[in-house]
Amino acid sequence: MNELLNRYPSLCGCMAEIEKAVKAIIDCYETGGKLLFCGNGGSCADCEHIVGELMKGFLKKRSISENKKAEMKSRCDLVDDDLLNKLQGGLPAIAIPSITALNSAFCNDVDPELVYAQPLMALAKENDILIGISTSGNSKNVFGAVKVAKALGIKVIGLTGKNGGKLKDTADICICAPENETFKIQELHLPIYHYICAAVEEHFFKD
């Protein structure tokens, strides 16, 4: 956190919410949950970026333990050390916007404002977390997913801009990057979620 604030001192006011988000995500994974992400445009790209940092090594190699290797070998004799030494530990995360066939069909057939709510309805389970990314905090399709998440009893983390919009009032945890212009908000979202990914990785992977 000190390194983050030294590089981005404007994030000092976000520190408490960032740490709450880290703790909530760790609790989610420790109880068998997963993360579900939604956003539009640059925020959609951020969803994919974050999922990439969680599902494979980010700052660590995340080598599979010897016990896990032995367990996998016992189940399939086609698995050898070369394969197992290349695989990395992952943390389950899904970028909802990447489910393009379902999303395009639902937009066309039903309601584009619920394009992220429908996959959430199908995928969300107890202990999961929805992370909604919206620079305004008011994206209709993101907020549609947030409403469904709350109705399902799923915790919501918002990542938004200075004003926060509807996300600020609805999310369980809302990190409001202290800027008003979209590109400046997005410039701060990246170090925020890199910090979160690094902190969560540090908790679960010691190599």
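# Notes on the cores, spaces and loops of a predicted model

1. Let's start in the middle. The largest nonpolar core has 38 residues, and Ile-25, Leu-35, Phe-37, Leu-54 and Ile-196 make the most contacts inside it. A nonpolar core here is a set of buried Ala, Val, Leu, Ile, Met, Phe, Trp, Tyr and Cys residues joined through side-chain atoms within 4.5 Å. Buried means under 20% relative accessible area, exposed means over 50%, and partly exposed is in between, with a 1.4 Å probe and protein chains only. There is also a second, separate core of 19 residues, which includes Val-142, Phe-143, Ala-145 and Leu-167.

2. Before going on, a word on what you're looking at. This is a predicted model, where local features need pLDDT of at least 70 and side-chain atom pairs count only at pLDDT 80 or more, while totals for chains, interfaces and linings use all residues. Residues are numbered from 1 along each chain as its sequence is written, and side-chain values use heavy atoms, with hydrogens and water left out.

3. Contact means heavy atoms within 4.5 Å.

4. Ile-25, Cys-28 and Tyr-29 are also among the buried residues of helix α2, along with Ile-18, Ala-21, Val-22, Ala-24 and Ile-26. Helices (H or I, at least four residues) and strands (E, at least two) are DSSP runs, numbered from the N terminus. An α-helix has 3.6 residues a turn, so residues three or four places apart point the same way. The length of α2 checks out too: its 16 residues (15–30) should span 22 Å at 1.5 Å a residue, and the end C-alpha atoms are 23 Å apart, which agrees. The expected span is 1.5 Å times one less than the number of residues. After α2 comes Gly-32, with a positive phi near 85°.

5. Now for the empty space inside. Rolling a probe the size of a water molecule over the atoms shows where empty space is left. On a 1 Å grid over the protein atoms alone, a cavity is a set of points where a 1.4 Å probe fits but cannot get out; a pocket is an open set with protein on both sides within 12 Å along at least five of seven lines; lining residues have an atom within 4 Å of a point. How many cavities of 30 Å³ or more does the structure hold? It holds one. The largest cavity has a volume of about 120 Å³, where grid points are joined across faces, edges and corners and a volume is the space filled by probe spheres set on the points.

6. Of the 14 residues lining the largest cavity, Ile-25, Ile-50, Ile-131, Tyr-193 and Ile-196 lie nearest its centre. By class, the lining has 13 nonpolar, one polar and no charged residues. Ala, Val, Leu, Ile, Met, Phe, Trp, Tyr, Cys and Pro count as nonpolar, Asp, Glu, Lys and Arg as charged, and the others, Gly among them, as polar. At least two lining residues come from each of α2, β1 (35–38), α3 (42–55), β4 (155–160) and α10.

7. The largest pocket has a volume of about 250 Å³. Helix α10 gives the most to its lining, with five residues, and α1 (2–7) and α10 (182–204) each supply at least two. The lining includes Met-1, Tyr-8, Phe-58 and His-194. It divides into nine nonpolar, one polar and two charged residues.

8. Most residues other than glycine have a negative phi, and most peptide bonds are trans. Arg-62, in the loop between α3 and α4 (66–75), has a positive phi near 55°, and counts as buried at 0% relative accessibility. Asn-127, in the loop between α7 (117–123) and β3 (129–133), has a positive phi near 80°, but counts as partly exposed at 32%.

9. Last, two glycines. Is Gly-153 buried or exposed? Gly-153 sits in the loop between α8 (140–152) and β4, and is exposed, with a relative accessible area of 64%. Gly-144, found in helix α8, is buried at 4%. Gly-144 touches Glu-113, Leu-114 and Ala-117, again not counting residues up to four places away in sequence.
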